[in-house]
Each structure stands twice: as structure tokens, then as C-alpha cells.
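Please keep the sequence and the coordinates at hand while reading.

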Amino acid sequence: MRLTKLSLIAAMLIGSTAFAIENTKVSGTAGLFYGTQDSDATNAPDLFSQDSAYTNYFAHLGLTTDLTKGISAGVGAQVVTTLGVEHNLVSKVWSNAHTASGSTGASITAGDYALQVDSAMWIDELWIAGTAFDTTLKIGRQTLDTPLAFTETWGVDRNTFEAAVLINQSIPGTTLVATSIGKSNGSADDRESAREGGTTGLNLNDLGLAAAGYVAADGTFSTFGSQGTYAFGAVNNSFKPLTVQAWYYDMVQLAEAYWLQADLKIDGILAGVQYANTDADVGANLGSLGILGATKDTSAWSAMVGYDMKDVVKVKAAISSVDDDGILGVANTATGSVATLGGQSKLYTEMWWNYGYVSAVGADSYSLTAQTTVGGDIALLAGYYNADIKTVSVDKEMSEITLTASKKFGPLSTSLALIFADLEDTNTPANDVKTTDVQVYLTYNF
């Protein structure tokens with residue numbers, strides 16, 4: 001199977017030469033991410049011990065080409081691997097796309113199993129697009145960027161979708177979007193997970209062994225949501241400093257949702273407002289949430305203000321609130337546990353690392369961030385984030401302080417991150433934990 005996937009990319013490259021297809025571009029990334037965590041939990045390992053560390057090597061290769069006037073195509077392949085270091089250097093990985101098997105001597109353990117983490121490779125893009133007049137139609141496996149269904153890239157890999165996307169720009173200053181999403185390889189649609197009926201017992205997300213596990217095991221594509229999703233959006237910036245967008249989602253036999261947002265940037269002043277609502281369908285398949293019978297919709301809002309002093313500093317402050325009587329949050333529908341619960345979100349208050357809190361039902365959140373550049377090319381970020389979640393059955397608070405420094409050396413991007421997190425669970429004090437993560441990101445772009 002892996003040979004077949006590699007051959008497909010090779011065939012595209014050879015074909016582009018043999019048939020003189022124009023404007024062919026090959027690009028990609030390769031890198032190493034490493035993290036380690038210190039915790040005040042009972043019997044937690046030390047910061048730089050093997051049992052506290054997680055790592056991944058990764059590579060992505062993509063090709064795009066113009067087949068003829070107005071017609072283009074693209075293909076991309078992703079690979080994640082540990083190169084076997086789970087045997088002696090780390091005890092966790094970043095990606096849930098890995099599969100696991102029993103292996104004598106491996107250091108990653110779950111129950112009575114010593115696990116070998118198998119490499120994963122999959123085609124994450126395979127699309128064709130056509131443009132005529134002011135309209136583009138893109139069909140196939142592709143990335144998406146909409147408020148409630150999008151591709152995440154904060155880990156070593158990315159989740160993508162099998163979809164048809166129609167974009168029209170006939171109205172000046174306005175982009176209209178209509179999307180039909182049939183499949184996803186996000187963790188919310190991971191059929192290997194016990195949550196979705198998987199029976200292997202070796203899914204890394206289930207075992208808590210993936211630090212950024214938003215892709216399904218082996219990158220496998222499955223039905224998105226219950227029976228797919230239709231999304232419709234309009235984005236307008238006729239007044240250049242202001243961008244207004246509105247989105248509607250029909251998650252078939254699961255939920256309906258909409259998202260409204262307006263962002264202003266003028267003379268360095270930044271401001272924005274967001275409003276979202278999700279409403280579960282009567283009789284929707286919410287078994288994995290333990291929800292049966294009647295449901296309530298969930299509303300959420302967020303506001304942001306800031307100032308961008310060019311070449312000096314950018315500061316932002318944001319607040320958000322999610323209803324405490326609904327059942328679905330307002331996060332990424334592709335990577336949460338089900339519908340819009342638990343994944344990364346587009347809310348202004350979203351944390352840098354600990355996703356799933358600010359977008360949860362009953363969350364009142366705020367954030368303060370500052371970005372600047374020193375020494376001409378070292379980008380610094382400091383952020384404080386807090387989410388206080390209260391519902392009938394939940395009473396917890398998560399706070400995060402993140403400090404990052406990033407610098408490029410030609411095609412090599414490097415980053416160092418320090419993340420301090422504090423979780424307080426009033427209902428279950430045994431879950432209280434303070435953690436410190438140290439992370440190193442190395443990415444080579446070609």
C-alpha cells in the first residue's frame with residue numbers, strides 16, 4: 001500500500017514532464033517535534049525523563065499542476081514516524097495516526113502491553129479544480145478552513161476532508177462558499193477509537209499516548225459526522241478595514257449550526273466579535289456523549305480588542321462565553337469527540353496548547369497575549385489564558401501561561417515553547433494537576 005502511494009506521486013511527477021503540463025510545483029516539509037512534561041501528579045516522572053517525553057519525525061510532500069487552462073490538480077502525502085525511539089527515548093508521541101502493536105522491549109506501555117508504534121503514511125490531498133468566470137469548483141481530498149470544520153496544523157500532521165467546494169466571487173468584495181463534506185480523517189471520525197466502536201484497544205488517543213492526536217489512526221477517512229455535512233458561507237470586505245462573515249452548517253441527522261463574525265483592523269486598532277449556535281437534531285446519534293432524549297441548543301459569543309504597533313508589538317485581549325445548558329460546544333467538528341465538542345476552536349480566547357476548554361459548554365474564558373520581534377528576526381509570544389467551566393455536573397477551571405520564541409534560518413524554522421498549565425476540578429479534586437511542558441519545533445520547508 002505504501003509503495004502504491006509513493007508510486008502515485010512519482011507518476012504525477014513523471015507525467016508532468018512527459019506531457020509538458022505547465023506550472024508544476026513540488027513543495028513539502030520535514031521536521032522533528034519534541035516535548036517533555038513535568039507534573040505535580042502523584043508518581044509523575046521528572047521533566048526530562050523518558051516517561052515524560054513525546055516526539056515525532058514527520059514529512060509532507062505535495063504537488064500541484066495546471067492540467068490545462070482553468071483546470072488544476074494536486075496530490076499530497078503525509079508520513080509520521082518515531083524511528084523506533086519509543087524503545088529507549090520517549091514514552092509518548094504527537095500523532096494518533098500511528099497504530100500500535102505488541103513488542104517486547106518497547107517503553108510505551110498500556111496495561112499489560114509493551115507497545116511498538118508503527119509508522120503511518122497516507123494521501124492527505126488528491127483533488128482537481130476548475131475555474132470559469134468568477135467561480136471555482138474544487139473536488140476531492142483537501143484542506144478546509146471554515147469556523148466549525150477546518151484543518152488543524154498545530155501538531156506534526158494535519159486532518160483533511162473529502163469534499164466538493166464551490167466558490168463564487170461575482171459580487172464585488174464578497175466571496176460565497178458552498179461545501180459538501182462527505183468524509184474526514186479527523187479524530188472525531190476515527191472508527192478505530194473505542195468511542196466510535198473500535199475494538200483493538202490499541203488506539204493511541206484511547207490510551208492517552210498522543211499529545212496532539214487530532215488525526216484518525218492510519219489517517220483513515222470515514223463518514224464525516226453522522227451522514228456528512230453541508231456548509232454555506234459568505235465573506236464580505238467591501239469596506240477594506242472590516243471583514244464580515246456568516247456560515248450555516250447542516251450536519252445531517254446530527255445538528256445544525258451557524259457562525260457570525262466581524263473583524264476590524266484600522267490604524268493599528270484591532271477589534272472583533274463572534275457569535276455561534278449549535279442545535280442537535282431530535283433523535284441525533286449522540287450516544288458517545290451519553291446523551292439520550294431531549295436536547296438543547298448551545299449559544300456562544302466572543303469579543304476581542306487589541307493594538308498592532310507595526311514593528312514594535314501586537315497586544316490582544318479577548319473574552320468568550322458558552323451557554324451552560326446546551327450539549328454541544330463550538331469547536332472543530334472534525335477533531336472533537338463528537339459534533340462540536342472537544343477539538344480546537346476559532347474563538348478569540350482559544351488557548352495556545354490546551355484546546356477543548358474555552359469552547360466547552362458552560363465555559364467563561366478570557367485571554368491576554370502579546371507578540372513582538374527582537375534582534376530583528378526572533379519572534380516572541382507571551383499569552384495567558386483562562387477557562388472557568390460550570391454546568392450542572394461540571395465545575396473546573398483551566399489556566400495556561402505560554403511563552404514562545406521562534407527564529408528562521410533560511411528554510412529551517414525553529415521554535416521553543418514553555419507551557420504552564422493548572423487544572424482545578426472542584427467536583428473531583430483528585431484530578432487537580434499542574435504541568436510544565438517544554439517543547440522544541442524544527443521544521444524544514446522546501
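**Strand pairing, cores and surface**

Strands S19 and S20, the latter covering residues 313–322, pair in the antiparallel sense over ten bridges. Two strands count as paired if DSSP finds at least two bridges between them, and the elements themselves are DSSP runs numbered from the N terminus, with helices (H or I) of at least four residues and strands (E) of at least two. Within this pairing, Ala303 has Ile319 of S20 as its bridge partner. The hairpin of S19 and S20 has three residues between the strands, and in it Asp311 takes a positive phi near 65°.

This is a predicted model, in which local features need pLDDT of at least 70 and side-chain atom pairs count only at pLDDT 80 or more, while totals for chains, interfaces and linings use all residues. Residues are numbered from 1 along each chain as its sequence is written, and side-chain values use heavy atoms, with hydrogens and water left out.

S19 (residues 298–309) also pairs with strand S18 (residues 269–280), again in the antiparallel sense and over ten bridges. Here Gly272 has Met304 of S19 as its bridge partner. For the protein chain as a whole, the count is two helices and 25 strands. Of its 446 residues, 45% count as buried, where buried means under 20% relative accessible area, exposed means over 50%, and partly exposed lies in between (1.4 Å probe, protein chains only). Among the contacts with a separation of 6 or more, 59% are between residues 24 or more positions apart; a contact means heavy atoms within 4.5 Å.

In soluble globular proteins, nonpolar side chains tend to be buried together. A nonpolar core is taken here as a set of buried Ala, Val, Leu, Ile, Met, Phe, Trp, Tyr and Cys residues joined through side-chain atoms within 4.5 Å. The largest such core has 38 residues, and Ile181, Tyr249, Met351 and Tyr357 have the most contacts inside it. Two or more residues each come from S12 (161–168), S13 (174–184), S16 (242–251), S17, S18, S22 (378–390) and S24 (412–425). The strand that gives the most to this core is S22, with four residues. Apart from this core lies another, of 17 residues, including Phe33, Trp94, Ala97 and Trp122.

Leaving out residues up to four places away in sequence, Ile181 touches Leu144, Ala149, Phe161, Glu162, Ala163, Phe224, Gly228 and Thr229. One of these, Gly228, is found in the loop between strand S14 (222–223) and S15. Gly228 is buried, with a relative accessible area of 5%. Its own contacts, neighbours within four places again set aside, are Ile181, Gly182, Thr223, Asp250, Met251 and Val252. The C-alpha atoms of Gly228 and Leu254 are separated by 9.2 Å, the two residues being 26 residues apart along the chain.

Side chains of opposite charge can pair when their charged atoms come close. With a salt bridge defined as a side-chain nitrogen of Lys or Arg within 4 Å of a carboxyl oxygen of Asp or Glu, the count comes to eight. One of them joins the side chains of Asp145 and Lys346 at 2.7 Å, N to O. Asp145 lies in strand S10 (residues 145–146) and Lys346 in the loop between S20 and S21, so the pair ties together parts that are 201 residues apart in sequence. Asp145 is exposed, at 59% relative accessible area, whereas Lys346 is partly exposed, at 32%.

Lys390 takes part in a salt bridge with Asp388 (3.0 Å, N to O) and in another with Asp395 (3.6 Å, N to O). Salt bridges that share partners also join Asp124, Glu125 and Arg158 into one network.

The accessible surface of the protein chain comes to about 20600 Å², of which 58% belongs to carbon and sulfur atoms; areas come from the Shrake-Rupley method with a 1.4 Å probe, and for residues only the protein chains shown count as cover. On this surface, Tyr230, Phe232, Tyr248, Tyr258, Leu260, Tyr275, Trp301, Ile319, Tyr366 and Leu368 form a nonpolar patch with about 920 Å² of accessible area together. Patches are made of residues with over 30% relative accessible area and no salt bridge, with like charges joined within 9 Å and nonpolar side chains (Val, Leu, Ile, Met, Phe, Trp, Tyr) within 5 Å. Strands S15 (229–236), S17 (255–266) and S21 (363–374) each supply at least two residues of the patch. Tyr366 has its place in S21 and is partly exposed, with a relative accessible area of 35%.
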